[in-house]
Amino acid sequence: MSLTEFLGNPRIVAALHGMLASGRVPHAMLFAGPRGVGKFTLARMFAQAANCERLTDDFCGECDRCRAIARLQDTQALIKQGLAERGESADSATVERVPLILETHPDVWAMVPDPVRLKTPVARPVLHVGQLRAVQRAAYFKPLAKRRVFIIDGADTMRWDHANIFLKILEEPPETATLILLAPNPYLLLPTIRSRCLQFFFSPLALEQVEQVLRLRDDLPAAQRKAAAQLAEGSPGVALGMNLAEATELRKSVLQVLAAMIDKGSSTDLFAETARLTKGQKMPFESVLEVFYSLLNDLLELSAGFAGQGLRNPALGKELARLSRQVDTAWITGVVEALDELGGRLRRNVNRQLGLDAIALSLSEALQK
Ligand SMILES: [Zn+2]
């Protein structure tokens, strides 16, 4: 095995390799980029390379440490196990007392947003203060192998007042530990934290690379592979876990909402559309928002007069082209800003149906003026 087997983002891989080779490993790094581009995978590979028994600037994948750390990749199983050990009906005290820590080797921990269902049924997974305190304590322990590595997935979900715990570790970093924070967008983190991390921005992969990864899925014939790769927009992780039929349906539904807004339908129609979209939705609301952004991006390019060569949603090109003739940049920017705001409110658990209705209604009113 080798770091170079990581698919995509070769400059980041080369930088990590260089750090290990020179022995200058930073105490904190931030991996930022879209969901499913391999941030967690590369963090795990780095942890292996930092601790491999045989190699110093890469990992063999065969020694005991490499194999133990490799098991971290099965996060869903580890989360399930962790939650089962804690007990089903965890209250907030239990959550703080028994923080969710994924650990397959004592030196390498992964923290993921805790999906505990608290009293409010819509609570979204967040990093809890107990998890951050556990990292704070453990970061100063001497490693059993070579380096303690803490992978903090969903770093954007920690509350900003809790983030100060992190700041303390970052201000007086332990010699033998590295924290790797993962987040979709660095600007979702406190500036004081962001600025103390070495930042890496992950790009989406090329369509062909995502298709290559999709060969691992034998349930997808070649023709569907291309469609799935296109919908995944450069994220192999998204492509691998995608239900193609559901994903295609979601795009169509979101486009219908946009069409209803643009075609100046009555608010009754808009309510019907948004209700249908949000109620029947199995996907996380963040994914629905991503689809909105993707379609709006196409609309923006089409309305600006691009030929539509590189549309993100080529299958919906005809309808997008029709709609693009009825809107301008200002309108599209307005929708994007409204969605940004909704995304922000969502972090504070606003009723999602209410949010979408309000946006649809106000934009359709704006159009009618
Ligand atoms: Zn090894």
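Buried means under 20% relative accessible area, exposed means over 50%, and partly exposed lies in between. The legends below apply these words to a predicted model.

**View 1. Glutamate 233, a partly exposed loop residue with positive phi**. Glutamate 233 sits in the loop between α10 and α11 (236-240). Its relative accessibility is 27%, so glutamate 233 counts as partly exposed. Its phi is positive, about 50°, although the residue is not a glycine. Most residues other than glycine have a negative phi.

**View 2. Asparagine 9, a buried residue with positive phi**. Asparagine 9 lies in the segment before α1 (10-22). Phi here is about 45°, again positive in a residue that is not a glycine. The relative accessible area of asparagine 9 is 10%, so this residue is buried.

**View 3. The zinc site, with four cysteine donors**. Cys52, Cys60, Cys63 and Cys66 each coordinate the zinc ion through SG. The distances run from 2.3 to 2.4 Å. Angles subtended by the four donor atoms span 102 to 119°, so the arrangement is tetrahedral. Along the sequence, the donor residues follow the spacing C-x7-C-x2-C-x2-C.

**View 4. Alanine 139, a buried loop residue**. Alanine 139 belongs to the loop between α6 (129-138) and β4 (148-152). Its relative accessible area is 0%, so alanine 139 is buried. Which residues touch alanine 139, leaving aside its neighbours within four places in sequence? They are Phe150, Ile169, Pro174 and Ala177. Leucine 179 is 40 residues from alanine 139 along the chain, and their C-alpha atoms are separated by 8.7 Å.

**View 5. Packing of α9 against α10**. Helix α9 covers residues 207-214, and helix α10 covers residues 222-232. The two pack at an angle of about 125°, with their axes 9 Å apart. That angle makes α9 oblique to α10. The crossing of this pair is right-handed. On the α9 side, the contact is made by Leu207, Val210, Glu211 and Leu214. On the α10 side, it is made by Arg225, Lys226, Ala228, Ala229, Gln230 and Ala232.

**View 6. Packing of α10 against α12**. Helix α12 spans residues 244-262. The axes of α10 and α12 are 10 Å apart, and the packing angle is about 50°. This makes α10 oblique to α12. Their crossing is left-handed. From α10 come Gln224, Ala227, Ala228 and Leu231. They meet Leu244, Ala247, Thr248 and Arg251 in α12. Ala228 of α10 also takes part in the contact with α9.

**View 7. The whole chain, for orientation**. The secondary structure comes to 17 helices and six strands. The chain has 369 residues, and buried residues make up 50% of them. Consider contacts between residues at least 6 apart in sequence. Of these, 70% join residues at least 24 apart.

Conventions:
Residues numbered from 1 in each chain as written. Predicted model: local features only at pLDDT ≥ 70, side-chain atom pairs only at ≥ 80, totals over all residues. Heavy atoms only, no water. Donors = N, O, S within 2.8 Å, 3.2 Å for Na, K, Ca; no water. Tetrahedral: all angles 85-135°; square planar, octahedral: opposite > 155°, others 65-115°. Axes fitted to C-alpha atoms, helices over the stretch in contact; angles between N-to-C directions. Helix = DSSP H or I, 4+ residues; strand = E, 2+ residues; numbered from the N terminus. Parallel < 35°, antiparallel > 145°, perpendicular 65-115°, else oblique. Left-handed = near helix turned anticlockwise from the far one by under 90°. Contact = heavy atoms within 4.5 Å. Buried < 20%, exposed > 50% of the residue type's maximum accessible area, 1.4 Å probe, protein only.
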